[in-house]
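Visitor: Please take a close look at one part of this model, namely the charged side-chain pairs and their surroundings. A connected account would be appreciated, with the criterion behind each term.

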Amino acid sequence: MAATGSAELQSVIEKRVSDIVTETLIQEAVSLGVIKQYPVAGGMDRLDIPLFNTMSVVDVVEGTDLTPETIAVATAKLNLNRQKAVAWALSKRASVQSKIDSVTQAVKNGSRELAAEIDDFVFGAMVTGTGDTKGLAADFAGDELAALANSKEQMDLANVPRQGRFIIASPGFVSGLLGNNNVINADKYGSENPIQAGFVSRIYGFTIVESSSSAVPVGGYIAEQMDSTAFARQMDVMLLREEKALGVRDDYSMSHLYGSVLTDSGSKRIVIVTA
């Protein structure tokens with residue numbers, strides 16, 4: 001049944017918004033699936049993310065007490081200060097039911113833009129905060145598998161945990177992988193046929209995700225372990241509506257408040273490969 005009044009219209013819109021925003025952010029924000037997310041209590045404007053040192057393994061000698069190490073706990077300061085929004089207006093001329101559909105589509109589009117902004121910020125911080133950068137053409141003669149193997153070796157030598165390793169690949173790098181005869185041989189890599197799926201899922205312990213974010217090197221990728229970056233959202237995405245009687249329209253805004261920070265001070269968990 002169509003919504004017929006302004007109060008009923010707003011009720012229908014509110015019911016749809018939460019599901020749409022949640023679904024769209026999950027699907028569109030690549031970065032949120034490859035980094036560590038932290039819960040935030042109300043009123044907090046900063047999180048101190050602990051950075052623990054590595055610990056030494058020692059021999060146990062019967063009758064002798066162990067000597068405890070003094071751990072100097074450093075922290076990365078995650079400031080919850082990035083408030084981003086999208087805003088739009090809808091004329092009251094449109095029918096009530098079509099307005100619900102228009103708001104739904106606007107919320108989807110707005111959620112995609114907010115998701116893209118998160119990706120640009122998070123991936124941009126990874127690129128600018130990492131000193132180890134290699135070139136696909138210069139260092140690996142354009143061989144995508146050789147580049148990935150080298151990224152794995154770098155992380156292995158630095159004792160980076162094997163769980164939660166990701167490759168955030170540009171469309172150009174993914175295209176190169178799909179053109180590699182070794183990659184499309186599903187029997188060797190134990191995955192579904194990349195030719196049919198148009199996607200490569202896992203190689204050398206990395207989960208491959210594709211991102212068109214402008215922060216990801218064109219033709220290259222970001223290799224990272226998810227503990228390299230912390231993310232927290234102080235304010236979930238919310239939709240606000242204001243009726244403009246003299247303008248015969250409704251104004252809408254969608255905004256959220258979040259923060260993110262690199263927690264890999266030694267740049268061991270992030271490797272950048274450019275074209």
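Guide: Asp156 and Arg165 form a salt bridge in which the closest N and O atoms are 2.9 Å apart; the term requires a side-chain nitrogen of Lys or Arg within 4 Å of a carboxyl oxygen of Asp or Glu. The model is predicted, so local features need pLDDT of at least 70 and side-chain atom pairs count only at pLDDT 80 or more, whereas totals for chains, interfaces and linings use all residues. Residues are numbered from 1 along each chain as its sequence is written, and side-chain values use heavy atoms, with hydrogens and water left out.

Arg165 counts as buried because its relative accessibility is 3% (buried is under 20% relative accessible area, exposed over 50%, and partly exposed in between, with a 1.4 Å probe and protein chains only). The pair also belongs to a network of salt bridges that links Lys152, Asp156, Arg162 and Arg165.

Helices (H or I, at least four residues) and strands (E, at least two) are DSSP runs numbered from the N terminus. Asn159 lies in the loop between α4 and β6 (165-169), and its phi is near 60 degrees, a positive value in a residue other than glycine. With 68% relative accessibility, Asn159 counts as exposed. Ala141 occupies the loop between α3 (136-140) and α4 (144-157); phi of this non-glycine residue is also positive, near 50 degrees. Ala141 is exposed, its relative accessible area being 73%.

Across the whole structure, 11 salt bridges are found. One of them joins the side chains of Glu117 and Arg82, with an N to O distance of 2.4 Å. This pair links distant parts of the chain, since Glu117 is in helix α2 (residues 96-128) and Arg82 is in strand β4, 35 residues apart. Glu117, at 18% relative accessibility, counts as buried.

Arg82 leads on to His256, which touches it along with Gln83, Lys84, Leu114, Ile118, Arg233, Met235, Asp236 and Val237, residues up to four places away in sequence being left out (contact means heavy atoms within 4.5 Å). His256 sits in strand β11 (residues 249-262) and is buried, at 0% relative accessibility. Its side chain makes a polar contact of 3.3 Å with that of Arg233. Such a contact is a pair of N or O atoms within 3.5 Å; within protein, one must be able to donate a hydrogen and the other to accept it, and residues adjacent in sequence count only if both atoms are side-chain atoms.

The strands involved belong to an open sheet of 4 strands with mixed pairing, in the order β1-β10-β11-β4. Because β1 (36-37) and β4 (82-91) each have a single partner strand, they stand at the edges and one side of each has no neighbour in the sheet. Pairing requires that DSSP find at least two bridges between two strands. β1 and β10 (residues 229-244) run parallel and are joined by 2 bridges, with Gln37 opposite Phe231 in β10.

A further salt bridge connects Arg241 with Asp250, the closest N and O atoms being 3.6 Å apart. The two residues fall into separate accessibility classes: Arg241 counts as partly exposed at 28%, while Asp250 is buried at 1%.
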